[in-house]
Amino acid sequence: MVTEISTCTVQSLICLMTQKNLSQENKTSLVKHPKRIKSFVMRAGRTTSGQSKAIEELGPQFLIPFNDQGSHSVSWFGENQVHQPLIFEIGFGMGDATAKIAQFMPDHNFLGCEVHQPGVGALLMKIQALALQNLRIVSHDAVEVLEKMIPAQSLDGAHIFFPDPWHKTRHHKRRLIQTSFLELLMSRLKPNGYIHCATDWENYAQHMLEVLNATPGLENQGLLDSGYAIRPAYRPVTKFENRGVKLGHGVWDIVFRMKPPVTNAIDLEALNNALDPWAK
Ligand SMILES: C[S@@+](CC[C@H](N)C(=O)[O-])C[C@H]1O[C@@H](n2cnc3c(N)ncnc32)[C@H](O)[C@@H]1O
């Protein structure tokens, strides 16, 4: 009996000590990381039979599965197209604008991110109807896609059209356009890469302009005195925008570009021009 108790006690002690060691070794891995606040909520919405069929039949060709191992765009677009500029779109909704832009810019590649399944199905149907070769979709949180799947300095542009405005002040933390998000996005943009946002919510437009202006490394391309941009010709009016306009909302386009890296290289042409009088 005594032996049994002592064996038990020793075992418990070993167990406790091991747990203590383990917990010390794994201190960092056991620390709970607070969940990142998402810029979306999964909306309920019926996926029609046409959209489901598109996901099933066209998905294998045009849907790129999310993976956190790092990906490469060669396999997304094929060898003939991989050298085309790559534009990343966040939250394409039902994909009307996305499909139109891809149709009119066949010499650019587009990667659209959307979490709403009916929208994914709807855009796949448009890809088929318009026989688009230059558009692929990832159905996943765009922030994680940027982090895990998009290599540094690989994007030529980013489109963020009518992101969820999160009207209430207590929800502003959910807005996509925040300094930390911009830092991530900028790390994936090439030098000179652009960010084009549009919104029909004035308070969000002001917030976007303020945050983008305050971000070092970006240059405002807006030509209006207010700092906003005239809607670039490539951006068609989106479905969400139409709804806002009908409600009497304004629309604000905001376009920024990555500043090219500062170089110390001597500008030989300028030097030549400056020294030209000496030669005479
Ligand atoms: C207000 S809708 C605008 C849709 C479309 N751009 C338009 O103008 O019609 C915003 C969309 O962004 C999507 N979204 C928000 N955050 C996202 C994220 N982190 N990743 C992917 N999609 C996101 C939502 O699911 C929603 O469909």
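Helices H3 and H6 are roughly perpendicular to each other, a term that covers angles of 65 to 115 degrees, whereas angles under 35 degrees count as roughly parallel, over 145 as roughly antiparallel and the rest as oblique. The structure is a predicted model, in which local features need pLDDT of at least 70 and side-chain atom pairs count only at pLDDT 80 or more, while totals for chains, interfaces and linings use all residues. Residues are numbered from 1 along each chain as its sequence is written.

The axes of H3 (residues 49-62) and H6 (residues 117-129) come within 8 Å and cross at roughly 65°, where axes are lines fitted to C-alpha atoms, for helices over the stretch in contact, and angles run from 0 to 180 degrees between N-to-C directions. Helices themselves are DSSP runs (H or I, at least four residues), numbered from the N terminus. Residues including Ala-54, Ile-55 and Leu-58 in H3 meet residues of H6, among them Val-120, Leu-124 and Met-125, contact being defined by C-beta atoms, placed from the backbone, that lie within 7 Å. By class, this contact of H3 with H6 has 10 nonpolar, six polar and no charged residues; Ala, Val, Leu, Ile, Met, Phe, Trp, Tyr, Cys and Pro count as nonpolar, Asp, Glu, Lys and Arg as charged, and the others, Gly among them, as polar.

For H7 and H8 (residues 179-188), the axes come within 10 Å and cross at roughly 40°, which makes H7 oblique to H8. Val-143, Leu-146 and Glu-147 in H7 meet Phe-181, Leu-184, Leu-185 and Arg-188 in H8, and the classes in this contact of H7 with H8 are five nonpolar, no polar and two charged residues.

Conventions. Helix = DSSP H or I, 4+ residues; strand = E, 2+ residues; numbered from the N terminus. Contact = placed C-beta atoms within 7 Å.
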